[in-house]
Amino acid sequence: MSKPPFKTKNKKTGPEPQETRDKPGFAARKVAADILGNVVHKKRPLDGELDVASGHSGFQALAGNDRALVRAIVGAALRHRGEIAEVLNRLLDRDIPEKTGRILDILHVAIAQMLFLDIPDRASVSLAVDHAGTDRRAKPYKGLVNGVLRRLGREHDEIVADLDPLLLNTPDWLMESWTTAYGAETARKIAAAHADGAALDLTVKSDPETWAERLDGQVVGFGSVRLPRKTVVETLEGFEAGDWWVQDAAAALPARLLGDISGKKVADLCAAPGGKTAQLAVAGAEVTAVDISSGRLKRLSQNMDRLGLSVVTVTSDLRSYEPEELFDAVLLDAPCSATGTIRRHPDVPWIKKPYDIEKLTEIQSSLLDRAIDWVKPGGMIIYCTCSLEAAEGEAQAGAFLARHEGKVALKPVAAAEIGGLDMCVTRDGYLRCLPGHPVTLDGETIGMDGFFAARFVRS
Ligand SMILES: C[S@@+](CC[C@H](N)C(=O)[O-])C[C@H]1O[C@@H](n2cnc3c(N)ncnc32)[C@H](O)[C@@H]1O
């Protein structure tokens with residue numbers, strides 16, 4: 001039940017005084033609240049906001065250590081968004097009215113620091129109060145920010161008692177979708193994996209064992225090299241030389257389902273930024289990489305240049321694309337909700353809605369229906385998504401088979417083809433990786449992204 005709103009006068013304020021702006025850490029908190037607001041209210045993807053070349057202008061202007069602080073604060077605020085909202089609910093006896101500027105974002109940013117980051121409460125509270133004081137619509141709530149946060153500092157243990165983080169940090173519709181698809185226990189394991197975050201996985205051109213040794217990592221999944229989480233990619237051995245690229249261990253599996261493609265003509269549909277394109281090219285295929293986004297294809301080309309790989313790129317909407325000749329195989333990594341990547345993209349649960357899944361499943365089926373006619377008889381079609389939603393995976397594949405009965409058949413996946421990862425193969429022969437599936441690094445259990453793939457053969 002909602003509570004009656006606070007009433008305050010809306011006083012106008014000018015820009016924040018110089019001494020506030022100059023306070024250490026103030027700019028980072030302000031940018032963090034701004035980015036959090038852009039993600040949760042304006043549904044802007046977090047990666048875009050945190051891009052040092054094209055992201056949030058305030059973020060771009062920060063020094064390196066402040067940028068790292070913003071990443072940590074916004075990451076914690078999103079990963080624990082449900083818990084923070086519940087803590088606020090317990091602290092407030094009235095609802096904060098809408099249109100109060102950044103007040104809720106300021107509070108979320110401060111609570112994220114107080115509960116989940118190693119930052120003294122004193123600093124988090126004082127900077128949040130300063131921030132409220134400099135925001136035109138938040139200023140009337142400066143006292144409330146101070147009171148609420150100080151109370152959290154004093155009564156922390158009672159206030160956070162009995163929280164269920166896994167349920168709170170997962171929107172109901174997602175928890176229901178995963179419970180229906182995988183059962184309640186697995187749904188909770190998935191939510192737990194999201195709280196843990198992700199390691200850094202690399203796909204190497206060859207010899208994963210040697211690369212694991214050289215980079216102090218471990219071979220996981222099917223030939224991926226896993227490194228500890230906080231690794232700066234660009235400084236690692238082999239980056240400049242193009243010996244490997246970043247790709248989650250689960251994302252590296254679908255392209256392997258094509259088997260020996262040396263010398264074959266393969267279309268990589270929805271290809272950018274090119275993780276799977278690189279795998280196909282390294283396997284010796286003649287690759288045509290198609291994507292609707294010229295910007296993303298530019299990144300794909302840069303990635304292929306670094307890796308010393310040669311592929312043909314085509315900027316086109318697949319709904320109007322007409323290939324010049326048929327392919328031996330196609331891989332369609334369709335646009336999807338990306339709920340399989342929440343470990344690395346904690347914004348996904350808060351920017352995606354059930355309506356998005358409905359729209360995406362329509363696009364996926366229209367792309368599949370076109371791709372089927374671009375492959376030679378006997379050729380393979382791999383359909384994959386980095387989604388946990390059955391509607392974008394198992395149900396989509398089943399509906400495709402039903403629509404094209406006689407024209408296409410399922411070629412079930414065998415665990416032996418993906419390095420014996422039998423937990424990633426369903427009874428129907430689909431590839432289904434879940435973030436709760438255990439893959440270990442130095443005894444620490446870190447899972448992999450959620451991924452789905454189905455393999456079909458054209459008659
Ligand atoms: C999941 S990402 C692909 C990731 C890529 N396969 C990889 O492994 O690096 C989906 C891609 O689909 C592209 N896309 C979305 N709708 C499209 C369409 N109608 N036609 C072509 N590409 C599309 C997006 O631009 C995006 O690059």
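This is a predicted model: local features need pLDDT of at least 70, side-chain atom pairs count only at pLDDT 80 or more; totals for chains, interfaces and linings use all residues.
Helices here are DSSP runs of H or I with at least four residues, strands are runs of E with at least two, and both are numbered from the N terminus.

View 1. Residues are numbered from 1 along each chain as its sequence is written. The C-alpha trace spans about 70 × 45 × 45 Å along its principal axes. Of the 459 residues, 46% are buried (20 or more other C-beta atoms within 10 Å of the residue's own, with C-beta atoms placed from the backbone; exposed means 12 or fewer, and partly exposed lies in between).

**View 2. Helix H2 (residues 26-40) packs with helix H7 (residues 103-116).** Let's start with the geometry: the angle is about 115° and the axes are 9 Å apart (axes are lines fitted to C-alpha atoms over the stretch in contact, and angles run from 0 to 180 degrees between N-to-C directions). From H2, Arg29, Ala32, Ala33, Leu36 and Gly37 meet Asp105, Ile106, His108 and Val109 of H7 (contact means C-beta atoms, placed from the backbone, within 7 Å).

**View 3. Helix H12 (residues 172-182) has Leu174, Ser177 and Trp178 buried.** These buried residues fall within an arc of 95° seen down the axis of H12, so they line one face of the helix (the arc is that of the directions from the helix axis to the C-beta atoms). They pack against helix H13 (184-196) and helix H17 (348-351). Look to the other side of H12 for Asp172 and Thr180, which are exposed. Gly183 follows H12, with a positive phi near 95°.

Notes. Two residues are in contact if their C-beta atoms, placed from the backbone, lie within 7 Å.
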